[in-house]
Amino acid sequence: MFLKLALGLTTALALTLPAAAETLRLSHNTGDTTTWQQGAEKFAELLKAETGDAYDVRVFPNAQLSGGDQMKQAEMTGRGAIDMVLTSAINVTPLAPEMAAFSLPYLYPDYDAVDRTTQGAAGERMEEIMESHGIHVLAWGENGFREVTNSKRPITSPDDMKGLKMRVAGPMYIDVMNDLGANPQQMQWSETFPALQQGVVDGQENPIGAVIIPQRVYEVQKYITPWHYSYDPLFLGISKAKWDGLDEATQASFQKAADEAMEYQIRISREATADGLEFLKEQGMEVYELSPDELAAFREATKPSFDKWSDQIGADIVKLFTDEVNAQ
């Protein structure tokens, strides 16, 4: 009698308790003060609300889940070792070289041109390519236009880059720096600040709002030139195996949370960038604004890298991007 009563109470309690949330691990490249982190946290918050607390997204900054290797995160997500990833296009080029199309030197004149590619046929084509590597792209975010900083001298012309030891994120940027006569050194972001601090490298290039300000690069760099030489989008992706295992209603919840989170992440990144140069001046950085002719000299100097990587990416994909960039 007592056993039946106990079993009955246990069953009733089990029926009334909510199911335990499923934990998803989301990896990204940068520190926990960046707009990357804010976008990831916003997604976690929105997904929790959309699914009635069914999912608990744990965010891991600084590529912790891949041993600090920011290039490895996408490959691990593709094979299901990581559930979700927030990373930039340039960081997945070892896996999908076509993604370098976004970051071709001096491809984009402004944000409108950027948005035409990420939200148009070019973005859809990149999503198909990532799907073939086991990652379902949920939404596009923003790292931003990459600007050059260093501790040695103002950058006013390609000649000023000669001999500078420059930290870069990926292979295409190695080629660009070689075009300019710099000494590129590929390095994980987690290693970059101490390398700048100790003089192992002289400079780096990154977006103002997404990285330079929140990662306090201004504390170890004296000069910045906003040369807008390359744009770097983010994408929020999920393991295709994980995605395919979700029912349609849950997929819709993931999609809605991702869209809203990345819209938020883009907005705060662009807001931080808009006011960024004045803030950096207040922190003691010297800002050099290039004239159109000076900018043209950098564009011409980096054309070999544009042509080399266009050949690797493929003429059809480059045309898809340039057509959307030039659309009115």
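The legends below accompany views of a predicted model of one protein chain.

**View 1. Overall fold of the protein chain.** The protein chain holds 14 helices together with 9 strands, and its C-alpha trace spans about 90 × 45 × 30 Å along the principal axes. A compact globule of 328 residues would have a radius of gyration near 20 Å, and because the protein chain has 22 Å, the two values agree.

**View 2. Confidence along the protein chain.** The mean pLDDT of the protein chain is 93, with 94% of the residues reaching 70 or more. Among the elements, helix 1 (residues 2-16) has the lowest mean pLDDT, at 48, whereas helix 9 (residues 240-244) has the highest, at 98.

**View 3. Surface and charge of the protein chain.** The accessible surface comes to about 14200 Å², and carbon and sulfur atoms account for 51% of that area, while 53% of the 328 residues are buried. The protein chain carries 27 positive and 49 negative charges, whose mean positions are 5 Å apart.

**View 4. Helix 6 and its packing partners.** Helix 6 (residues 171-179) has M172, Y173, D175, V176 and M177 as its buried residues. These buried residues pack against five strands, namely strand 4 (135-150), strand 5 (165-168), strand 6 (183-186), strand 7 (203-206) and strand 8 (223-239), and also against helix 13 (303-313). Just after helix 6, G181 takes a positive phi of about 85°.

Methods: Residues numbered from 1 in each chain as written. Predicted model: local features only at pLDDT ≥ 70, side-chain atom pairs only at ≥ 80, totals over all residues. Heavy atoms only, no water. Helix = DSSP H or I, 4+ residues; strand = E, 2+ residues; numbered from the N terminus. Rg over C-alpha atoms; globule rule 2.2 N^0.38 Å. Buried < 20%, exposed > 50% of the residue type's maximum accessible area, 1.4 Å probe, protein only. Areas by Shrake-Rupley, 256 points an atom, 1.4 Å probe, with all protein chains shown as cover. Lys, Arg positive; Asp, Glu negative; His and termini not counted. Charge placed at Lys NZ, Arg CZ, Asp CG, Glu CD. pLDDT = per-residue confidence, 0-100. Contact = heavy atoms within 4.5 Å.
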